Amino acid sequence: MSRVEDIVALMRSGDTAIRFADLCRVCERYFGSPRQSGGSHRVYKTPWLGDPRVNIQNDRGRAKAYQVKQVLKAIERWEYESHS
C-alpha cells in the first residue's frame, strides 16, 4: 500500500490485516518519529497523557490487530483535538 490515507481508510473499514511497515508509516505521519524503536516494538509520543497509547509490535511482518485498533483510536482523538 502506498498512501497513508489509503492505509487509514483500510483500517477504518475494519480490516486489521495491516502490514507493520504500513502501520509505522501511518504512525509517523500522525505522531512523528518513534521515541523508542528497539527490537520488535515502536513507541510513538502522543500530545496527551495516558490512553490511547501508540505502541506497536512487529508480528512476522504484520501489525497486531488490537494495536491497529489502538492506533485508529489515537488518530481519531488526534483529529478531534486538532480540530477543536
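Me: Which residue is the bridge partner of Asp-59 in E3?
Reply: Arg-62 is the bridge partner of Asp-59 in E3. Keep in mind that this is a predicted model.

Me: How do E2 and E3 pair, and over how many bridges?
Reply: They pair in the antiparallel sense over two bridges. Strand E3 covers residues 62-63.

Me: What about the hairpin of E2 and E3, how many residues lie between the strands?
Reply: There are two residues between the strands in that hairpin. Arg-60 takes a positive phi there, near 55°.

Me: And E1 with E2, in which sense do they pair?
Reply: E1 and E2 pair in the antiparallel sense, over four bridges. As an example, the bridge partner of Tyr-44 in E2 is Val-54.

Me: Which elements give two or more residues to its lining?
Reply: Strand E1 (41-44) and strand E2 (54-59) do. The lining includes Val-43 and Tyr-44, along with Val-54 and Asn-55. Among the other lining residues are Arg-35, Lys-45, Trp-48 and Arg-53.

Me: What does the lining of the largest pocket look like by class?
Reply: By class, there are five nonpolar, three polar and three charged residues in the lining.

Me: Trp-48 came up. Is Trp-48 buried or exposed?
Reply: Trp-48 is buried, and Phe-31 is buried as well.

Me: OK, aromatics then. How many aromatic pairs are there in the whole structure?
Reply: A search of the whole structure finds three aromatic pairs. One of them is Tyr-30 with Trp-78, an edge-to-face pair with 5.1 Å centre to centre and 85° between the planes.

Me: Where do Tyr-30 and Trp-78 sit in the chain?
Reply: Tyr-30 is in helix H2 and Trp-78 is in helix H3, 48 residues apart, and the pair links these distant parts of the chain. Tyr-30 is buried, at a relative accessible area of 18%. Trp-78 has 29% relative accessibility and counts as partly exposed.

Me: Why is the pair of Phe-31 and Trp-48 called edge-to-face?
Reply: The ring planes of Phe-31 and Trp-48 stand at 90°, so the pair is edge-to-face. Their ring centres are 6.4 Å apart. For that label, the planes have to be over 60 degrees apart.

Me: Which parts does the Phe-31 and Trp-48 pair tie together?
Reply: Phe-31 lies in helix H2 and Trp-48 in the loop between E1 and E2, so the pair ties together parts that are 17 residues apart in sequence.

Me: Which residues form the aromatic cluster?
Reply: Tyr-30, Phe-31, Trp-48 and Trp-78 form one cluster.

Me: New topic, salt bridges. How many are there?
Reply: The structure holds nine salt bridges. In one of them the side chains of Arg-12 and Glu-79 meet, at 2.8 Å from N to O.

Me: What about Asp-22 and Arg-25, where do they lie?
Reply: Both lie in helix H2 (residues 20-31), three residues apart, which is about one turn of the helix.

Me: Is Asp-22 buried or exposed?
Reply: Asp-22 is buried, with a relative accessible area of 7%.

Me: Last one. Which residues do salt bridges with shared partners join into one network?
Reply: Arg-3, Glu-5, Asp-6 and Arg-29 are joined into one network that way.

Definitions and conventions. Residues numbered from 1 in each chain as written. Predicted model: local features only at pLDDT ≥ 70, side-chain atom pairs only at ≥ 80, totals over all residues. Heavy atoms only, no water. 1 Å grid on protein atoms, 1.4 Å probe; cavity = no way out; pocket = protein on both sides within 12 Å on 5 of 7 lines; lining within 4 Å. Nonpolar A, V, L, I, M, F, W, Y, C, P; charged D, E, K, R; others polar. Pairing = 2+ DSSP bridges. Salt bridge = Lys/Arg side-chain N within 4 Å of Asp/Glu carboxyl O. Buried < 20%, exposed > 50% of the residue type's maximum accessible area, 1.4 Å probe, protein only. Phe/Tyr/Trp six-rings, centres within 6.5 Å; stacked < 30°, edge-to-face > 60°.
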